Amino acid sequence: WLKGTWRLVSADDAKTGEFLTRTDSMWVSDTPGDSLTFEFDGAEAALYALYGPSGARLDVRVDGKKQPSRDLCDRYCTYWRLMRVPIFRGERGRHRVEIRIADEQPDRECVRTYRKLTDERVKEIGFDGHRAAVGRLFLDGRVL
């Protein structure tokens, strides 16, 4: 279930359209507070999502319990790439997963430092944003 301003990506989308060759479809939101919720019977869940310069921070709850946030930006994020994003690994059974785009952005200083970027290059790349683009759900189990 998608809640908020999520939209289906088209092939001409500047940041994400090119990745439709690697997934059947992709949903994207740039709005803090938008969420993705699903229930599954199994032991593990992950997203196939984009990491990139303006990637979001995701707040995660499993069975109502807060989990560590997941950042869709890491020290390599001067470009966009599809990655497997682990969400849950635990006891086999029925689980409810809620993923929300956080109000705060990931700390992107690690990219600047690791890549030794100038202020001009940072502006050119465009590190500001909350983009969450999800192409698939990986489960050790089944969606309910």
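Which backbone oxygen does the side chain of His130 reach? That of Ala102, at 3.5 Å. This counts as a polar contact, meaning a pair of N or O atoms within 3.5 Å; within protein, one must be able to donate a hydrogen and the other to accept it, and residues adjacent in sequence count only if both atoms are side-chain atoms.

Before we go on, here is some background. This is a predicted model, where local features need pLDDT of at least 70 and side-chain atom pairs count only at pLDDT 80 or more, while totals for chains, interfaces and linings use all residues. Residues are numbered from 1 along each chain as its sequence is written, and side-chain values use heavy atoms, with hydrogens and water left out.

Back to His130, then. You'll find His130 in the loop between α2 (119-125) and β8 (132-143). Those names come from DSSP runs numbered from the N terminus: helices are H or I with at least four residues, strands are E with at least two. His130 counts as buried because its relative accessibility is 13%, and buried means under 20% relative accessible area, exposed over 50%, and partly exposed in between (1.4 Å probe, protein chains only). Leaving aside neighbours within four places in sequence, His130 is in contact (heavy atoms within 4.5 Å) with residues including Ser29, Asp30, Pro32, Ser54, Ala102 and Gln105.

Side chains of opposite charge can pair when their charged atoms come close. For a salt bridge, a side-chain nitrogen of Lys or Arg must be within 4 Å of a carboxyl oxygen of Asp or Glu. The whole structure has 17 of these salt bridges. In one of them, the side chains of Arg131 and Asp13 meet at 3.6 Å, N to O. Arg131 lies in the loop between α2 and β8, and Asp13 in the loop between β2 (7-8) and β3 (27-29), so this pair ties together parts that are 118 residues apart in sequence. Arg131 is buried, at 6% relative accessibility, and Asp13 is buried too, at 13%. A network of salt bridges links Arg7, Asp13, Asp30 and Arg131.

Asp41 pairs with Arg142, their closest N and O atoms being 4.0 Å apart. Because Asp41 lies in strand β4 and Arg142 in strand β8, the pair ties together parts that are 101 residues apart in sequence. Here Asp41 is partly exposed at 29% relative accessibility, while Arg142 is exposed at 51%. Asp140 and Arg92 also form a salt bridge, with their side chains meeting at 2.9 Å, N to O. That pair links Asp140 in strand β8 to Arg92 in strand β7, 48 residues apart. Asp140 is partly exposed at 34%, and Arg92 is exposed at 52%.

Now for the rings. A pair of aromatic rings is described by the distance of the centres and the angle of the planes. Rings of Phe, Tyr and Trp (its six-membered ring) pair if their centres lie within 6.5 Å; planes under 30 degrees apart count as stacked, over 60 as edge-to-face, and the rest as tilted. There are four aromatic pairs in the structure. Phe38 and Phe40 have ring centres 6.0 Å apart and planes at 40°, so they are tilted.
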